[in-house]
Amino acid sequence: MDLFEYQGKQYFARYGIAVSPGDIADTVDQAVAVAERVGYPVVVKAQVKVGGRGKAGGVKLAANVEEVRLHAGNILGLDIKGHVVRRLWIERSSDIAKEYYASFTLDRLNKVHLGMLSAQGGVEIEVVAEENPEAIAFLSIDPVHGLDLATARRWVNEAELDEVAREQAATLLVHLYECYTHGDCDLAEINPLILTPDNKVHALDAKVTLDENASFRHPEWEEFRATEFDDPREKMAKEKGLNYIGLDGTVGIIANGAGLAMSTLDVVNQVGGTAANFLDIGGGANADVMAAALEVINADPKVKAIFVNIFGGITRVDDVAHGVLEALGRVSIASPIVLRLDGTNAVEGRAILAPHLSASLITEPTMMDAARRAVSLAKA
Ligand code: GDP
Ligand code: MN
């Protein structure tokens, strides 16, 4: 689960990481109230789960009440890379002497934690990595040993942070590592981590991804979950226990297994179509799961055709076929359904469906054929 910046900062604060005082606002009047409380100048910041808000006009300094009204009014409702701004974070503006970058994430290949630190923050780290790779100090951290202060001190030296920032930054990095590990993050990133003209180091931005596999030990994540869904389709899918991600295309997709679901998106793209979603029904292709999957996809007004791609392994295709028929008895589906059924008991499965086939329930022998058919139906 990705957090909004303001939630990430709340999370950081629990681990003793310095952030600017501020509060959220959902209206222009609320924004003014927060600004009056925290004191001018303030920064008005769009809360969307996507980077590059600054460049998109979603981060503005305001020196007085008129400027808060102006910027809050402009930023609320702004579309930033497909994310519409519904909430602002207003915080006391900081003076910036230097912008650094710091993050922890998992190095899956080497089975260690990976810290990245750079004296060249503020810009996207991918850009730094491309244009000036030696400006990033990488640190591999054995999860058993963790990150101690002595190592953090060597790291800030290696990254050549300004002398006055080093001790504070080292302490902050140890706290950030605590947040990342004990806080069960997949990613904890601060960009920019700033040095102020009066030599204070603190986090000006927060990008946090929580590891959902650890949610059982974090009942406090519920408050974050309440704001999780910008997308009503994803909310509906979550309520039905489905592994669904909404996309913008016209071909609804149901597949068993994440790998097959991703390949299905690729094949749809390859034959000139666009996927409306990712949906992995896993091993549970029974009628309940199939009905839930079809309902979620059916509720998406952009969907013009549905591609059900099942490769039976442990999941048996005859079970899937029964599931599809039972689901169709329960929900009425607006778009034609194209099925590709292969693997365990595929022959039996196709035989079960055979008497029910029509212009709106179609089977195709291969994944490629099914993709072509679904895409052409979506364009018809
Ligand atoms: P992002 O563009 O989504 O990464 O949003 P950030 O929170 O990183 O803000 C973008 C940029 O706005 C930062 O790199 C800063 O240069 C600038 N900015 C953000 N907060 C402040 C602030 O308090 N004071 C000043 N002077 N600039 C700020
Ligand atoms: Mn940033």
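Val338 counts as buried at 0% relative accessibility, where buried means under 20% relative accessible area, exposed over 50% and partly exposed in between (1.4 Å probe, protein chains only). This is a predicted model, in which local features need pLDDT of at least 70, side-chain atom pairs count only at pLDDT 80 or more, and totals for chains, interfaces and linings use all residues. Residues are numbered from 1 along each chain as its sequence is written, and side-chain values use heavy atoms, with hydrogens and water left out.

**Surroundings of Val338**
- Val338 is placed in strand S17 (residues 337-343); strands (E, at least two residues) and helices (H or I, at least four) are DSSP runs numbered from the N terminus.
- A distance of 4.7 Å separates the C-alpha atoms of Val338 and Ile362, which are 24 residues apart along the chain.
- Beyond its neighbours within four places in sequence, Val338 is in contact (heavy atoms within 4.5 Å) with residues including Ile306, Val308, Ile362 and Leu377.

- Asn191 lies in strand S10 (residues 185-195) and Asp205 in the loop between strands S11 (201-203) and S12 (207-210), so the pair ties together parts 14 residues apart in sequence.
- Asn191 is buried at 14% relative accessible area, and Asp205 is buried at 18%.

**Nonpolar core**
- The largest nonpolar core has 41 residues, and Phe104 and Leu147 are among those with the most contacts inside it; such a core is a set of buried Ala, Val, Leu, Ile, Met, Phe, Trp, Tyr and Cys residues joined through side-chain atoms within 4.5 Å.
- Helix H6 gives the most to this core, with 10 residues.

Notes
Chains are lettered from A and ligands numbered from 1 in the order in which they are written.
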